[in-house]
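Please look through the sequence and the structure shown here before reading on.

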Amino acid sequence: MTVAFARQDDIDAALRTIPQRTFRLLLRGEPVWIKRPRLRPGYIKYGLQTTTASMLGVPLLCPPRVCRGAAGLQAEARRLARLARKGWPVPSVLDVSERWLALRDNGRSVAQVLRELPPAKRTDMLRSALQFLQALHAEDGWHGAGQVRNFTRVGQGFGLIDFEDDLEPSMPLARRQARDILLFVMSAARFAKGEPTVIEALLADAHGRASPQVDAELRSLAPKLVWLHRLMGPLAPWTGPEGRAIAALGEAYRHLPPAQGPDNAAQIPSASAGTGG
Ligand SMILES: Nc1ncnc2c1ncn2[C@@H]1O[C@H](COP(=O)(O)OP(=O)(O)O)[C@@H](O)[C@H]1O
Ligand SMILES: [Mg+2]
């Protein structure tokens with residue numbers, strides 16, 4: 001859908017005065033989210049992440065291929081439109097230009113909602129959000145950037161935003177889904193204050209629902225996370241939320257029961273068409 005020309009002018013005027021890359025505007029009384037293109041190539045960060053992932057032997061942590069500039073906006077708009085057609089709770093694309101992407105509001109960020117909840121309710125909401133993500137996985141879907149901050153609250157359920165990270169075709173479907181789960185659980189560690197068992201609970205939930213291939217992908221990481229946890233364990237409190245997340249994951253994997261049944265020994269396919277993205 002193309003918005004009225006006057007609205008496009010309003011967006012361009014806002015871009016001249018608002019410095020943020022993503023911001024909310026009220027246009028004709030309707031809240032609209034505006035995203036600027038990603039400009040920096042970020043090759044150094046990409047190279048560092050790729051090198052770290054290969055040194056650790058964890059392909060799952062390879063950074064996604066991300067389109068930048070106007071092409072990146074178009075790519076996110078196309079993916080959102082495709083997911084909306086499948087019935088995913090993603091924001092509708094109001095319009096896209098060379099300079100911005102305009103999206104309908106898709107609810108409050110779950111990260112914001114969680115900060116206002118007492119610890120036990122936070123854990124419940126994190127578990128429900130992970131269940132929602134895995135329900136999409138069960139339909140051969142994946143997000144690509146499954147961090148908690150990319151979930152929104154829509155009524156009593158959830159919505160999703162931020163589809164810039166394009167993992168296709170570099171990763172098999174099971175690995176994309178395992179990556180979603182890992183990013184979700186690691187980002188959840190930020191909200192685990194006062195509830196020390198939340199990471200363990202989320203991992204047990206994730207493994208309980210995951211397909212054998214996703215289960216195997218996640219389990220292949222476990223020894224590395226346990227090793228990292230041992231290495232940096234005493235430093236974890238000073239390493240920020242990511243360090244604490246790795247420590248919590250390493251600890252949780254030490255207690256995770258072994259995989260059940262012959263299916264869990266299934267080979268990970270080297271490629272998968274997938275239909276979710
Ligand atoms: N359509 C939307 N509905 C609700 N909130 C949004 C929407 N788009 C963006 N936001 C808010 O803006 C933040 C940044 O947007 P996002 O698309 O995640 O970009 P990025 O993380 O790449 O900067 C989100 O975490 C969310 O709080
Ligand atoms: Mg985001």
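Asp162 sits in the loop between β8 and β9 (165–166), where helices (H or I, at least four residues) and strands (E, at least two) are DSSP runs numbered from the N terminus. This is a predicted model, in which local features need pLDDT of at least 70 and side-chain atom pairs count only at pLDDT 80 or more, while totals for chains, interfaces and linings use all residues. Residues are numbered from 1 along each chain as its sequence is written, and chains are lettered from A and ligands numbered from 1 in the order in which they are written.

**Positive phi values**

- Most residues other than glycine have a negative phi.
- Asp162 has a positive phi near 70° although it is a residue other than glycine, and with 20 C-beta neighbours inside 10 Å it counts as buried (buried means 20 or more other C-beta atoms within 10 Å of the residue's own, exposed means 12 or fewer, and partly exposed lies in between, with C-beta atoms placed from the backbone).
- Asp140, which is not a glycine either, has a positive phi of about 65°; its place is in the loop between α5 and β7 (151–154), and its 15 C-beta neighbours inside 10 Å make it partly exposed.

- Val185 touches Ile199, Leu202, Leu203, Ala206 and Leu249, not counting residues up to four places away in sequence; two residues are in contact if their C-beta atoms, placed from the backbone, lie within 7 Å.

**Around ligand 1**

- Ligand 1 is surrounded by 16 residues, of which the closest are Trp33, Pro91, Asn106, Ser109 and Asp162 (a residue is near a molecule if its C-beta atom, placed from the backbone, lies within 6 Å of it).
- Both domain 1 (5–36 + 67–104) and domain 2 (108–265) give residues to this shell, so ligand 1 lies between them; the domain bounds come from an automatic or database domain assignment.
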